[in-house]
Every structure is written in C-alpha cells, then in structure tokens.
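Welcome! Here is a short briefing on how some side chains pair up in the structure shown below.

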Amino acid sequence: KEQGTRNKEQGTRNKEQGTRNKEQGTRNKEQGKRNKEKGKRNKEKGKRNKEQGKRNKEKGKRNKEQGKRKKDGAAAADRRSLGMDNDSTNNGSTNNRQRIKNSKMAYSKQTTRHQLTRIGVFYDGNYFLHVSNYYNYTHERRSRISISGLHDFIRQEIAKIEQSDVRHCPIVDAHYFRGRLAAGEASQRGELLYYERVFEDILMSEGVTTHYLPVRTVAGRKHEKGIDVWLALETFELAFYKHFDMVVLIAADSDYVPLVRKLNTLGTRVMVLGWDFEYTDEEGNRFFTRTSQDLLEEATYPVAMHDIINHRPDAVINTLFAKNRKSQLKNTPSDATASKETEEQGEAKEPTEENNAERQEGAIMSLKDGFGFIKFPPNNVFFHYSSLRDHDFNDLTVGDMVGFALQTREDGRQLASEVWRLSV
C-alpha cells in the first residue's frame with residue numbers, strides 16, 4: 001500500500017515536471033520567434049548600411065573629382081600667371097614645372113585648412129528656460145544664459161575639437177522648440193505676452209528659428225505634447241538635406257537617444273550640452289535636474305556644462321551670461337538714454353509726468369521667479385524684474401518700501417513700472 005502511495009506521488013511529480021517542460025518549450029518557441037524577427041531586422045539594417053556605404057562611396061568619388069577639377073583650375077591659373085601655354089608647359093624648363101607643382105601643393109593645403117565645419121544648434125526650449133531660470137534665480141551668478149554667448153562658446157569648443165579656426169566653425173542653422181500658451185490665456189498672466197515677444201526678438205537677432213506648439217490641458221494640468229518628436233524630425237531632416245558636420249543638442253531627455261543614433265548613420269557628429277544641478281526652495285523642497293546618461297553615452301561629444309561653468313572661470317565662460325538683464329529685455333533708445341543719465345547723476349531718477357503714469361509707494365508683499373506684487377489697496381499691483389530702475393531684483397526682500405509708476409492697461413488692469421527702492 002505504501003509503495004502504491006509513493007508511486008502515485010511520483011506520478012504527480014512527473015506530471016508537474018511535464019507541465020513545466022511544456023511551458024519551457026513554449027517559452028523557447030517564443031524566444032525563437034523573437035530571435036528570428038531580430039535576425040530579420042538585423043538583415044534589413046545590414047542592407048540599409050550597405051546602401052548607405054554605396055552612397056558614401058559615390059559621394060567620395062564626386063568629392064575626389066571635384067577636388068581634382070579645383071587643382072586643375074589652380075594649375076591652369078598658375079600657367080596663365082607665368083605666361084605659359086600648353087606647349088611651353090610640356091616643353092618648359094624644370095624650374096617652371098617645379099613652381100607649378102609647389103602651387104598645387106599650396107592650394108591643396110589651403111583648401112584643407114579652410115574647410116568649414118558646419119554646425120546646427122537645436123534647443124529644447126522648456127529645458128533651456130529651466131536651466132536659465134536656475135542660473136538667474138538660484139545660482140550665485142544671478143544672471144540668465146546669453147544666446148549669443150552660448151553660440152560663441154559652442155563655436156570655440158568645436159574649433160578646439162576640430163583643431164581649426166573659430167571662423168571656420170560657423171553656426172549655419174539654429175532652431176528653438178517649445179510649447180506656448182494661447183494668446184487669450186497668456187494675456188491673463190500679466191506681461192507674459194510682452195516678455196515672450198522680447199525673448200523672440202533676442203532669438204531672431206541671433207538667427208534662431210522658433211517653432212511652437214500649443215500647450216495642451218490634460219486632467220487640469222498643462223503639458224507640452226509633441227515637442228520632442230517635432231524637434232527630432234526637424235533635426236534629422238535638416239541634417240540630411242543640409243549636411244551638417246556637427247549637431248549640437250541642448251536637451252536632457254533620453255527620448256532623443258534614437259535621434260542621436262540616426263544622426264550617426266548620416267556621419268554627423270553630435271554634441272550634447274547638459275546641466276546637472278539641484279537646489280532647495282524656500283519651503284524646503286529639493287529639486288533635481290539630471291541629463292540622461294544614455295543620451296550622454298550616445299553623443300560624440302558630451303559636455304557637462306555645470307562643471308565647466310563652476311570650475312573654468314575664463315573669459316569665454318563669463319560671456320555665457322547676460323551682463324545686464326534690463327538692457328537685454330528693453331533695448332529702446334529711451335531706455336538707453338535714461339540708463340546713461342542715471343549713471344552720470346549717481347542716483348535713481350523718479351518717474352516724470354511725461355509717461356502719463358501716477359507716482360505711488362507701497363511695500364513688497366511677495367517675490368518669486370523674477371516677479372512680485374506690491375501692496376496697493378484695494379488690489380495688489382504686479383511688477384516684473386525688468387521694471388526695476390538701478391536695482392537688482394535679487395537684492396529686494398519682502399517688506400521693502402518701493403516707489404513706482406502706476407500704469408493702467410487697456411483692459412483696466414494695473415501694473416507697476418519704473419520701480420525703485422526707497423531709501424530707509
């Protein structure tokens with residue numbers, strides 16, 4: 001009887017083992033299918049790489065022929081400068097032939113030395129704004145990143161890498177991608193429309209093309225949808241048609257890893273400018289910003305901008321930051337004249353009646369991210385840091401008494417301009 005029981009238990013175990021073997025066989029079968037599909041993809045990728053190699057080979061032949069024609073043209077020019085025709089060239093003296101040969105060699109070296117490195121710069125606008133706000137409001141520099149200064153830094157870094165002159169490393173294309181609020185909603189946020197237009201003027205003056213998508217509201221929260229996809233598609237298309245030698249990405253998301261890999265198939269080198277930092281706000285909340293490690297590993301030249309800014313205090317780094325935020329945001333002749341007069345007099349000028357604004361005084365109620373509110377019953381008055389005269393926004397504290405010119409907009413809302421801190 002005991003033997004029968006053991007046999008029965010053994011049969012149960014054998015049955016369970018058979019079930020496990022069957023499941024393992026199913027998994028092996030699925031793995032085989034996946035391996036087969038992977039093999040197909042690798043085969044297709046190999047075909048594409050082979051076709052790309054053929055195209056590169058044809059392109060190399062064309063470049064070689066073009067270089068040969070340039071050399072022949074240079075030799076013909078030398079013969080003309082020496083007063084030699086074809087017959088005299090064939091039968092000329094050894095000295096003339098040597099001079100022509102030296103001229104060809106000099107032309108070849110000059111062509112190689114002056115070959116341009118074409119650079120395309122692409123901004124993830126939301127990420128760039130986040131980084132610029134950090135340096136403006138949290139970092140000890142208390143200044144925004146300058147677009148022109150950043151472009152100069154990029155050109156000089158690439159010139160070092162390429163062992164070339166900065167003049168031979170031009171930024172031939174620059175593009176800025178970001179979500180944007182609708183005009184009606186932006187008009188409800190103080191002077192947001194005005195300052196967005198000012199920033200667009202700065203981008204336009206530096207030759208940066210802007211690309212915007214509407215900000216979507218999902219479950220009561222606002223989201224930028226499709227910006228990363230649009231940036232990737234535009235970058236790849238422009239790199240394909242304009243043949244960039246170097247693409248610079250100002251981004252941190254791992255979603256751009258496929259883009260970098262695609263650019264590598266074109267033979268385009270990729271530089272990624274990334275920032276890593278953390279800070280604690282006034283309420284004790286800690287915030288972290290990190291650049292994707294996968295993105296940095298895929299890039300040809302990953303650049304840790306936070307380390308460079310903190311540990312390389314040279315002239316190039318100083319030009320990365322805007323020297324005067326007010327002059328950057330307001331660059332009209334009247335503002336420049338007022339600033340010059342203030343410096344000459346050594347004191348702040350109070351607003352006059354010429355601007356149709358009312359002089360008022362009040363205490364600062366709150367300050368945050370470059371703007372604040374002044375206590376002015378029955379309503380508090382909004383002001384932006386660019387409205388300050390001869391004071392730095394970061395020097396203000398809650399409770400400071402300030403004077404300001406009260407202006408009324410067409411929609412009836414009031415805001416403060418020409419703000420200055422009253423002496424204690």
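**Side-chain contacts at a glance**

Glu-278 has a relative accessibility of 36%, which means that this residue counts as partly exposed. Its salt-bridge partner is Arg-290, and the closest N and O atoms of the two are 3.1 Å apart. Keep in mind as you look around that this is a predicted model. Across the whole structure, a search finds 10 salt bridges and 15 aromatic pairs.

**Salt bridges**

- Arg-290 is partly exposed, with a relative accessible area of 45%.
- Salt bridges with shared partners also bring Glu-157, Lys-160 and Arg-312 together in one network.
- Asp-173 and Lys-242 make another salt bridge, with 2.7 Å between the closest N and O atoms.
- This pair links distant parts of the chain, since Asp-173 is in strand S2 and Lys-242 is in helix H8, 69 residues apart.
- Is Asp-173 buried or exposed? With 12% relative accessibility, Asp-173 counts as buried, whereas Lys-242, at 41%, counts as partly exposed.
- Arg-167 forms a salt bridge with Asp-165, where the closest N and O atoms are 3.1 Å apart.
- Here Arg-167 is exposed, with a relative accessible area of 64%, and Asp-165 is partly exposed, at 32%.

**Aromatic pairs**

- To describe a pair of aromatic rings, you give the distance of the centres and the angle of the planes.
- Among the 15 aromatic pairs is the one between Phe-177 and Trp-230, an edge-to-face pair with 5.7 Å from centre to centre and 80° between the planes.
- Phe-177 lies in strand S2 (residues 171-180) and Trp-230 in helix H8 (residues 227-242), so this pair ties together parts that are 53 residues apart in sequence.
- Phe-177 counts as buried, at 0% relative accessibility, while Trp-230 counts as partly exposed, at 25%.
- Phe-373 and Phe-382 also form an edge-to-face pair, 5.8 Å centre to centre with 70° between the planes.
- Of these two, Phe-373 counts as partly exposed at 32% relative accessibility, and Phe-382 counts as buried at 17%.

**A ring cluster and a charge over a ring**

- Ring pairs join Tyr-134, Tyr-135, Phe-277, Tyr-279, Phe-287 and Phe-321 in a cluster.
- What sits over the ring of Tyr-212? The charged end of Arg-180 does, 4.1 Å from the ring's centre.

Key. Residues numbered from 1 in each chain as written. Heavy atoms only, no water. Phe/Tyr/Trp six-rings, centres within 6.5 Å; stacked < 30°, edge-to-face > 60°. Helix = DSSP H or I, 4+ residues; strand = E, 2+ residues; numbered from the N terminus. Buried < 20%, exposed > 50% of the residue type's maximum accessible area, 1.4 Å probe, protein only. Lys NZ or Arg CZ within 6 Å of the ring centre and 35° of its normal. Salt bridge = Lys/Arg side-chain N within 4 Å of Asp/Glu carboxyl O.
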